[in-house]
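Have a look at the structure first, then read on.

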Amino acid sequence: MPVSTSLDVSSIRRDFPILAQRVHDRPLVYFDNAATSQKPKCVVDAITRFYLLDNANIHRGVHQLSERSTQAYENARVKVQRFLSAADSREIIFVRGATEGINLVAQAYGRKYVGSGDEIVISALEHHSNIVPWQMLCEEKGAVLRVIPINDRGELELDKFEKLLNPHTRLIAVSHVSNALGTTNPVREMIGAAHRWNVPVLVDGAQAVPHMKVDAQNLDCDFYVFSGHKVFGPTGIGVLYGKERLLESMPPYQGGGDMIRSVTFEKTIYNSLPYKFEAGTPDIAGVIGLGAAVDYLNLIGLDAVAAHEHELLEYGTQALEGISGLRLIGTARDKAAVFSFVLAGVHPHDLGTVLDHEGIAVRTGHHCAQPVMDRFGIPATARASLALYNTREEIDALVTGIYRVKEVFGA
Ligand SMILES: Cc1ncc(COP(=O)(O)O)c(C=O)c1O
């Protein structure tokens, strides 16, 4: 498979055995990476090895297996710290995924810092998981949700964002990359603007970390969340990064084992960071699998990944724009390799079904971003979202598949 970037995609594809299969007797083209990415063998092996050789609960044992599993768990925390360029591993909290990370901040930060009449700012591009937790908080506290609008390309209107900031603003929560449109938001600039008002910023990086190097200290974000399963790691595990000072000041999210230093019926003393936010037995194998995924990405290099995907984005955009009746939804100047589109005369669901018969996996629907669909006046799109193992040939297969759809529906 010829590629013109420094990424050896043929070799990378061999790391992902699932990609070699046929679906409906066609070679699988997996273009549903924004929903979840595939796992390299090294991630699966790390999880298997843990269960076969080291499995024990962490932090509470003096025996050999417990020491080994604790060490593997804490090593993974340091890997994630370096992956995000965080200042300290105590700033890395393991959660179930981006969704839980956002809920943790909404509840723990919100409980302490948000009151009646205060304002939370989100954007019109957000995934439901970065909308609903804030709506719940606002309802509970009598606070107000403000929304940064987007233009017809699917880019945030930054001048309007600046106007939303005021002395009542308590937090900004914004995605780094939009799952529905692929737009990459200028989060560094936005964080700078928010900090001039002393307002902290949570960045939802679920769709960013698989595609670009993220440097939390350089961004100066106050919170950053992502999900393991979108970054070639397992499901059920994710990360909340938070600045130590802020995390220290927040009450715990959940109560239980491991998050305490001592408990009496009169008074409980909470554990220090990061354990204060990790109540109960965590997904130990998931954390170890995530650590293996981080190792894998480091080996490949995110700069090479970004260059490869950018080339696919340009190639795919040109190819799809040449199809009559096809409209790309989300044409931001800065975007990830996500093609959201509608085809005149064909419901996205039918489009997805025919493509599946061609062996091509795309997602159809509102992509958990109904306000984005409303903004563009459509109920749904078909979305092809790419990852480091995708190729030009697969984009060609998508284009051929779309012509097949047009033939089937006479569109
Ligand atoms: C931008 C964005 N944020 C948050 C999420 C939620 O991720 P999870 O379901 O893994 O918690 C997603 C999932 O698609 C997403 O795309």
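## Charges, fold and cores

The protein carries 40 positive and 47 negative side chains, with the centres of the two sets 2 Å apart. Lys and Arg count as positive, Asp and Glu as negative, while His and the chain ends are left out; each charge is placed at NZ of Lys, CZ of Arg, CG of Asp or CD of Glu.

Please keep in mind that this is a predicted model, where local features need pLDDT of at least 70, side-chain atom pairs count only at pLDDT 80 or more, and totals for chains, interfaces and linings use all residues. Residues are numbered from 1 along each chain as its sequence is written, and side-chain values use heavy atoms, without hydrogens and water.

The protein has 14 helices and 17 strands (DSSP runs of H or I with at least four residues, and of E with at least two, numbered from the N terminus). Of its 411 residues, 56% are buried, meaning under 20% relative accessible area with a 1.4 Å probe, protein chains only.

Two nonpolar cores can be set side by side; each is a set of buried Ala, Val, Leu, Ile, Met, Phe, Trp, Tyr and Cys residues joined through side-chain atoms within 4.5 Å.

| Core | Size | Residues include |
|---|---|---|
| Largest | 82 residues | Phe-83, Phe-94, Tyr-224, Leu-388 |
| Another | 29 residues | Ile-93, Val-95, Leu-247, Met-250 |

Beyond its neighbours within four places in sequence, Phe-226 is in contact with residues including Val-80, Phe-83, Val-239 and Leu-290 (contact means heavy atoms within 4.5 Å).

Terms used: Buried means under 20% relative accessible area, exposed over 50%, partly exposed in between (1.4 Å probe, protein chains only).
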